[in-house]
Structure formats: structure tokens, C-alpha cells
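Biologist: I would like to learn how to read a structure feature by feature, with the general idea put beside the particular case. Could we go through one together?

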There are 2 protein chains.
Amino acid sequence: MAPVTIKDIAKRCGVGVSTVSRALNNHPDINPETKAKIMEVIHETGFLPNDSARYLKRTETNTIALVVKGISNPFFTSMIRIMEDYVQKKSYATILRHVTAEENEVTVALSLIKERKLKGIVFLGGDFTHDPMLLSQIRVPYVFSTIGNLDERPEGEAACANIAVDDVEASRQAVDYLIGLGHRRIGIVAEGLHVPSVGQLRYRGYRLALERRGITVDDHLVYEITEGGERYSMKNGYIAAKALLAANPDMTAVFCISDVLAIGACRAIAESGKSIPGDVSVIGFDGIEEGQYYIPKLTTVRQPVEEMSKESIRLLFDMIEKKEKPRNIIMPAQLLIGESSGPVKKT
Amino acid sequence: MAPVTIKDIAKRCGVGVSTVSRALNNHPDINPETKAKIMEVIHETGFLPNDSARYLKRTETNTIALVVKGISNPFFTSMIRIMEDYVQKKSYATILRHVTAEENEVTVALSLIKERKLKGIVFLGGDFTHDPMLLSQIRVPYVFSTIGNLDERPEGEAACANIAVDDVEASRQAVDYLIGLGHRRIGIVAEGLHVPSVGQLRYRGYRLALERRGITVDDHLVYEITEGGERYSMKNGYIAAKALLAANPDMTAVFCISDVLAIGACRAIAESGKSIPGDVSVIGFDGIEEGQYYIPKLTTVRQPVEEMSKESIRLLFDMIEKKEKPRNIIMPAQLLIGESSGPVKKT
DNA sequence: CTGAAAGCGCTAACAG
DNA sequence: CTGTTAGCGCTTTCAG
């Protein structure tokens, strides 16, 4: 059964295909009556235009793409929603593309640009560094959102638009807050320590806080997640905290580089018979909604999701519509004090 | 800057376009040397074939689609992963399509089938009932997964393949377990009470449990979520429990029709100064991983995610490859006893 | 306002 | 093994 096409509609209406196309695309140059009749037949037959064919032919569309790596991360979920809303207000369409851990997000973007004739791209999550050759092939404006401070990137990528919090400084403050509470034996659950990554930046903040306060960094207190696949998972946080606890009975606080990890860590601590924050304080990073429903409510470094999302889109449209140059924007992070942190227990 | 096409590659290699196409698609009828040379040029130029054009031309592809409504629901996240793996083992490609609350999943599926020449569809989440006219237009095998027991569906849809747990019975057992623990004043946080939906089935199980034990159903203990958008959210669970608690000081247990709701409810109970399960027991539904990291660990009705996912794909392929008829499969749910439920406090 | 005709980039016969 | 050719379904000039 051949599917119904624009030709069939044209035949049934006794008009040419171009007229049907005009009806479909809300073209002004069409008789309202003709249009009404065509639309009726379209509904009757349940005709759905073939997007592949449309995009193949079109030379430009008002569409941008959100290319997301790690879609299961709840931190991104809310950003996606806000961005989609905001793009819609600009009368642009959004296409959401999830890339797996194995795919290269730049390649995926390149492919989408060609096929969907995109006006711009927002990258959410994903790798910190990219092949400059590949990157240079992107001929439309694009923005990296929440992928770490640009200044930390290799030289070649300095021209990219970028929006993020100052991961190093925000982490430093979080750990400094723990130190202020009297903690000295502070663990960290991190990832990507030896490659340019958000994890590395946050780890650097951790070290910085300790060093400035004259506390020696003890490698036994550093847990690096190396497990493949979804690194930022509760399970990994759980495993990490178990290991840290076992190796450091004197540890009184843990800084986790994401809330999801922190939740897993809390569970491990609770299971070991210790109380939070009585025996061990826990701090996360991101400020996901879930953390506020956790018991205890998570202390965390809150990234300004709403503003970052809007700013990402704003920046992208500045480049698309006003031909502005890529900018590098640092957003303020905020330490959100919940119930998972407290003063160190007097001994 | 016109993007590089298959023609450019052909020209640069001094071959015809069809030879390039053959190289691209691993066609056997091609000289290995020619192919190697073509592939080299392809990599050099960074050529990416235009999928729209490919799919437009192709008459069939070994592809199935996962059409998911409510992608932020963690319960689906793991199912998606398992299904994708399993489909890959069958040497088929998967395309994951997220549909928003406003979109109609059947329409989306219809459009995908035409464009991507799909062999089959799995619907995950989404509406319980569909326009039979629309449904009948789907000309490839499809399976509804975790969308409630088919027997409860209107007559016209009896021919659909369906995989789910027995929502009514599983809910009945969960509530019966609470009754066995001595609870009499049991609240429920549900959704879609008056429309055919998973929520309605689970609510029916709740009523059934009470009735069989001779406990009168008290409408004050029933909270129906009506808030638009994402209904299954921690926030809604939180709001619901707050309301139930305020209206029923004597309530000693709450059955939530999803784990996400249950987590929100726990937080509300904890904030009201009551203890879980000391003062109030909480039971969820789904068995998401997150629930096992929650404090207290959630008591829940666990859906067999792994088996349901595999069975969904197996069923779909039985229909695709062996031309089997649609079947209706009921999977066993299992009450997973955690730390959020316990005997009613003696007064 | 409307129709005819020319492709978009690719695959799939069909001849060599 | 390889090149030529005819469209896939649609949008878009370009003439009416």
C-alpha cells in the first residue's frame, strides 16, 4: 500500500501539487476556499507530509537543535524544557537530539545542519574538547552550554560561544564552606581527573580550597570514577562513598561533583551506620530539583538553570540574528545550604 | 558554501555516484581498492551522507522506533537502554523519538513509518486509548509497552500487542500488604481517576483491597493529581501528601501510584515532623533504581523492567519476522519491601 | 491566484 | 565490478 502523497491530494482536489504545498505551508498566495477544501481532504485522508522530502528541498528553515549528551541527567531535563519554550517564543522550531556516549556530538550536529538546514546549535553536556577540524566545519552559530569554563579549553577553541558557571571557584567555595564548618578530612567523588573535563575543574576547586587553608591533599580521600557508560549515576556515588568510607574512617565530609552522585553517597553513608550530617557531611553540585526532595535535603552548588538556559538561547540568537561574535559567559553559582551538611562533630 | 555531496566525491574519485553509494552502504559488488580510495576521500572531505535523501529513496530499512511519552520518567530510561541493546543484537537500528504531552504519539509514529520506512514500533508510556481510525493506519507491527492491561481497553483495540503488569492486582496486593500491617487509614496519590489510564487501574486495585477487607473507601483519603504537564513528579507527590496529611491527621499509610510521587510524598511527611515508617508508611510503584538510594529505601511494586523490555522487543520481532499475531502479555509484578513501610504504631 | 517543471541528494534497477 | 538513469515527495521558481 503506497502511502498517500501530495500528488494524491492534488488529484483528489483537482488542483496542482504546488497549490497543495501552498496550503500546507500557510503560503499567503492562495484562495481561502481552495485552501479550505484542500485542508479538508488532507484531514480526511490522514495525509502527513514527508519531512525528509521537505527538508531535502528547503534551503533554509527557522530551526535550531539542542544536542544533548547524557539525556538521563535530570539536570539537563529542566534546561531542555526551558530552552524549548524560549526558542518557541522566537518563532523558531527546536529539534532535540540525544547523542549516546559513543557518538561524537559535533559529527551529529554537522549531519543535522545539512539535513535540517539549521540556523544554530546548542550543545548541552558532552565532551570538553573537540577536534578543531570538525568544529571548524560548523558553519552556523553554536553555543556550548554548561560544559565548563572556556578559558580552560585549548587555544583553538577560544572562539567558541560558551556558557557555564565558574566550576573551579564554585567548587572551591563549597569545599571552603566545609572547612569553615571545621572539617579537615574531606573526601571528593570526581571523574575525569586527568582529562580536560568538568570533573577536572571541580577537582581543581577542591584542591585549591584545601591548599589555601593549608590542608594537605590526601590522595586516599580522592575517588575517581572510571566506570564506563553513564558516569554520573547514583550507583557510582554509592560505590565511591563506600570505598572512601572504608579507606578513611576519619573522613567527616564528602564533596561530590554532581547531585546524582551525592544522593548515592548519602545512601552509602546511611547504610554504614553513620548519620548525615552528624557524622559525615555531603555536598553535591548542580542543584537538581530531586535533591530538594531527598532526605536529608541536599546541600549543593546550585547552577542557575533558568538563567543559563535563557542566556544560552539569547546568545545563540544574538549570533544568528545580530551577527554578533561568540561570547564567553560565566554565570554565578550559588551555594544552597540544605540538611546534608553541618559542623564537624566535637570529639 | 554548498555542502559536499555524493557527486563531489564521485568527481574527485573519478567514479560514478553509484559506486560511491555502494562504498557507503557496504555493498558487496565493489572492488576493494576502489572502495578504499573512496572511503579515504570521504574521510578527507568530512563528507556526511544526507539521511533525508537516503530515506526518501530507500524502500525498506531494518529500523524500528521507540516512541516514548514522558522521557524524563526514570522508569523509562532504563527500559530504553535495554531495548536499544536488544534491538541492536537483532542487527536492526533503533530510532528513539520523544513525544511531548501535546503531541499524539500515534501521529508521530505514522509520520516516522512513512519517512524512515520502519519495520515496527514500540510505544512506551503515553495515552491509554487512541483513535481507532488513526491506529488502523499503522501498517507495521507495533507493541504497547507498560501502558496498562489491554483487557481494560475499549473493544476496538483488542487486537493490539500489549505488555504490562496487572496494574489492578499488583496495586491490590500492595495495599493489602499495608492492611496486613494493621493500617486502616490508607491514603492514595493517584491520577486520571476518571479516564482510562494506568492511574485508574491502580486506583481500582486500591479500592479492591479495601473493599475485600471490609474497609470503607473514604474520599478524603484519595488525592487526584490534575496539574497539567508532567503529572508524575516529585513536586506533585509532595503537594499531594501535604494535602492528605492536613485533611487526615489519622492517616497511617499512603499508596502512591509511582515511585517519583512516593519520593515527593516522603519529603512532605518528613517535613510535617512525622517519621517514616514509624508514623506513616509509604509505598510506591515502578521499582526505579532511584528509590533504592532514597532514605528510607522505598517499598514499591517493582515492574520487571529487564524482562518487560526484552519481551516487548521479542514480541515485536515475532510479529515482524514470524508474522505472528499480536499478543497480550501480562508480566508479574513484585512487591519489594524497603524501609518506607512498617506496622502501624500501637496506640 | 494557480499549474508546470526543475531539482534537493541519494539509492536502485539496468545495462554494460 | 561500474556508470547511467530514473525517480523518492516535496518546495520553489517561473510563467500564465
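Predicted model: local features only at pLDDT ≥ 70, side-chain atom pairs only at ≥ 80, totals over all residues.

Biologist: Is A:Phe317 buried or exposed?

Modeller: A residue is called buried if 20 or more other C-beta atoms lie within 10 Å of its own. A:Phe317 has 20 other C-beta atoms within 10 Å, and therefore A:Phe317 is buried. Over the whole of chain A, which has 347 residues, 47% count as buried.

Biologist: How far apart are A:Phe317 and A:Gly237 in sequence and in space?

Modeller: They are separated by 80 residues in sequence, and by 38 Å in space when the distance is taken from C-alpha to C-alpha. For the chain as a whole, the C-alpha trace of chain A spans about 90 × 40 × 30 Å along its principal axes, and chain A holds 13 helices and twelve strands.

Biologist: Into which domains is chain A divided?

Modeller: Domain 1 is made of 6–166 + 305–331, and domain 2 is 167–303. The centres of domain 1 and domain 2 of chain A, taken over C-alpha atoms, are separated by 36 Å.

Biologist: How many residues does each chain give to the contact of chain A and chain B?

Modeller: Chain A gives 31 residues and chain B gives 31 residues. Among the elements of chain A that each supply at least two residues are H4, strand S2 (93–99) and helix H10 (234–247). The side of chain A that touches chain B has 15 nonpolar, nine polar and seven charged residues.

Biologist: How should I read the packing of two helices?

Modeller: Two packed helices are described by the angle between their axes and by the distance between those axes. In chain B, helix H1 (residues 6–13) packs with H2(B) at an angle of about 105°, and their axes are 8 Å apart. Angles of 65 to 115 degrees count as roughly perpendicular, and H1(B) and H2(B) are therefore roughly perpendicular to each other. From H1(B), the residues B:Ile6, B:Lys7, B:Ile9 and B:Ala10 meet B:Val17, B:Val20 and B:Ser21 of H2(B). The residues of this contact divide into five nonpolar, one polar and one charged.

Biologist: Which residues are the closest to DNA strand D, and which to DNA strand C?

Modeller: DNA strand D is surrounded by 26 residues, of which A:Thr5, A:Ile6, A:Ser18, B:Gly16 and B:Ser18 are the closest. DNA strand C is surrounded by 28 residues, with A:Gly16, A:Ser18, B:Thr5, B:Ile6 and B:Ser18 as the closest. The surface near DNA strand D takes at least two residues from each of helix H2 (17–24) and helix H4 (51–57) of chain A, and from each of helix H2 (17–24) and helix H4 (51–57) of chain B. H2 and H4 of chain A and H2 and H4 of chain B likewise each supply at least two residues of the surface near DNA strand C.

Biologist: What should I look for in the backbone itself?

Modeller: Most residues other than glycine have a negative phi, and most peptide bonds are trans. A:Asn26, in the loop between H2 and helix H3 (32–45) of chain A, has a positive phi, near 50°. A:Asn26 is exposed, because 8 other C-beta atoms lie within 10 Å and 12 or fewer count as exposed.

Biologist: Where is A:Pro296 placed, and what is the peptide bond from A:Ile295 to A:Pro296?

Modeller: A:Pro296 is in the loop between H12 and strand S10 (299–302) of chain A, and the bond from A:Ile295 to A:Pro296 is cis, with omega near 0°. In chain B, a cis peptide bond joins B:Ile276 and B:Pro277, and B:Pro277 lies in the loop between helix H11 (259–271) and strand S9 (281–286).

Note on methods. Residues numbered from 1 in each chain as written. Chains lettered and ligands numbered in written order. Domains from an automatic or database assignment. Near = placed C-beta within 6 Å. Helix = DSSP H or I, 4+ residues; strand = E, 2+ residues; numbered from the N terminus. Axes fitted to C-alpha atoms, helices over the stretch in contact; angles between N-to-C directions. Parallel < 35°, antiparallel > 145°, perpendicular 65-115°, else oblique. Contact = placed C-beta atoms within 7 Å. Nonpolar A, V, L, I, M, F, W, Y, C, P; charged D, E, K, R; others polar.
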